[in-house]
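Hi,

Here is the structure I promised to pass on.

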Amino acid sequence: MIGIPLPVVNVEQKLWLTASKAFVTIPCSSLGGEVQEKMADVEGLTEARQVTVSSSPAPGQFHIKGCAHLDWGMKNRLSRIIKPDTGRTVMLAVDHGYFQGPTSGLEVMEETLAPLIPYADCLMLTRGILRSSVPPGSQVPIVLRVSGGNSILSELSNETWNVSVEDCIRLNVAGMAMSIYVGAPHEHQTLAAFSDLIDAGYDAGIPILAVTAVGRDMVRDARYLALASRMAAEMGANFVKTYYCEDFPRVTGTCPVPIVMAGGKKIPELEALTMAYKAVTEGAVGVDMGRNIFQSDSPVGMIKAVRAVVHYQEKPESALKIYKDEKKSSGINNKKRAVTTSKKK
Ligand code: 5RP
């Protein structure tokens with residue numbers, strides 16, 4: 001059972017996540033015990049029961065969970081991101097600069113992107129990088145980050161919607177992405193902006209990706225991630241990006257739209273592949289991975305290996321071999337190139 005301690009002190013609301021023994025603390029001077037007591041609806045909250053998960057639709061149905069009743073344009077755009085032949089996607093997240101500037105591995109975007117674009121089902125990035133660093137002839141679908149206004153130097157959740165739908169149409173994007181900061185100081189601001197974006201997305205027929213659980217102090221357990229992901233879906237998100245965690249089926253199984261797994265900080269390649277493998281076998285439709293691809297010592301090897309896991313259920317150990325083989329052959333090619341260049345001199 002979710003227990004919400006009452007009365008709550010005037011300066012903050014504490015949402016006690018009983019099973020995980022974790023606090024999400026929401027500074028909020030206006031929430032006193034009096035206001036809390038009026039929130040009768042929280043009293044009957046019980047934990048979600050265990051659910052079984054499946055990311056595959058029934059035969060004859062649209063291949064994307066929860067999206068069967070969307071309009072044609074929405075379905076078409078979603079199908080460019082989540083592939084109809086496998087029902088999966090490998091999204092490459094390279095939007096980090098929008099709040100943290102030049103990021104390791106993303107210093108010169110053209111150099112990072114050019115070799116990876118052929119293997120990405122979709123790029124998630126900002127309009128600045130799209131216009132400056134992605135060839136317009138490229139056929140890779142774009143999920144454009146349309147939120148910002150924050151930086152690593154200040155409160156991360158102080159973010160809002162910052163790209164017009166008109167510009168998204170001009171840029172021919174397949175989807176729009178916005179972070180929601182559930183449980184953070186600017187929760188309400190981001191959820192309100194998210195609602196406006198959802199309306200705009202339906203108007204234009206452009207699907208919305210909700211990015212959840214970004215933040216320094218977020219407790220990334222199944223309870224919190226299920227809460228944030230389900231809230232995003234209830235508000236109208238067409239798909240949701242969240243982190244992998246223990247008891248992940250609780251997150252995917254209680255979210256009525258597809259979940260893509262965020263990669264998180266760089267970890268050894270086998271661990272990242274194992275995490276991706278677990279995520280897709282536990283109900284995610286794929287990944288939206290950044291640092292574990294572009295910060296690898298073989299980004300192309302890593303994205304090929306991730307593709308094998310996500311689209312073809314390759315086991316992590318054999319996918320690792322794909323990464324290693326690519327690393328080895330590109331090392332040999334680099335050496336050959338160096339020899340050829342020095343001979344020319
Ligand atoms: C956070 C994002 C990033 O795109 C994403 O989290 C980065 O991917 P990774 O964690 O795999 O590097 O949406 O703002």
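Below is what I found in it, starting with the chain as a whole and ending with a few single residues.

First, the ground rules. This is a predicted model, so local features need pLDDT of at least 70 and side-chain atom pairs count only at pLDDT 80 or more, while totals for chains, interfaces and linings use all residues. Residues are numbered from 1 along each chain as its sequence is written.

The protein chain has 13 helices and 12 strands; these are DSSP runs numbered from the N terminus, with helices being H or I of at least four residues and strands being E of at least two. Of its 345 residues, 45% count as buried. For that label, 20 or more other C-beta atoms must lie within 10 Å of the residue's own; 12 or fewer makes it exposed, anything in between partly exposed, and the C-beta atoms are placed from the backbone. Among contacts between residues at least 6 apart in sequence, 65% join residues at least 24 apart (a contact being two C-beta atoms, placed from the backbone, within 7 Å).

Strand 4 (residues 122-125) is worth a look. Cys122 and Met124 point one way and Leu123 and Leu125 the other way, yet all are buried. Strand 4 pairs in the parallel sense with strand 3 (residues 89-93) over three bridges, pairing here requiring at least two DSSP bridges between the strands. Within that pairing, Met91 has Cys122 as its bridge partner. Three bridges also join strand 4 to strand 5 (residues 142-145), again running parallel, and there Met124 stands opposite Val143. Between strands 4 and 5 the chain passes through helix 5 (residues 127-133), giving a right-handed β-α-β crossover: with the strands pointing away from you, the path from the first strand over the helix to the second runs clockwise.

Met109, Thr112 and Leu113 are its buried residues. They sit on the same side of helix 4 because they cover an arc of only 85° around the axis, the arc being that of the directions from the helix axis to the C-beta atoms. Glu110, Glu111 and Pro115 are exposed on the other side. The cover over the buried residues includes helix 5 and helix 11 (291-294).

Back in helix 5, you will find Arg131, which is exposed, with 11 other C-beta atoms within 10 Å. Its C-alpha atom is 8.5 Å from that of Leu171, 40 residues apart along the chain.

Asn172 has a positive phi of about 55° although it is not a glycine; it is in the loop between helix 6 (165-170) and strand 8 (175-180). Asn172 counts as exposed because 12 other C-beta atoms lie within 10 Å. Gln313, another non-glycine, has a positive phi near 55° and lies in the loop between helix 12 (299-312) and helix 13 (316-344). Gln313 is partly exposed, with 13 C-beta neighbours inside 10 Å.

Cheers
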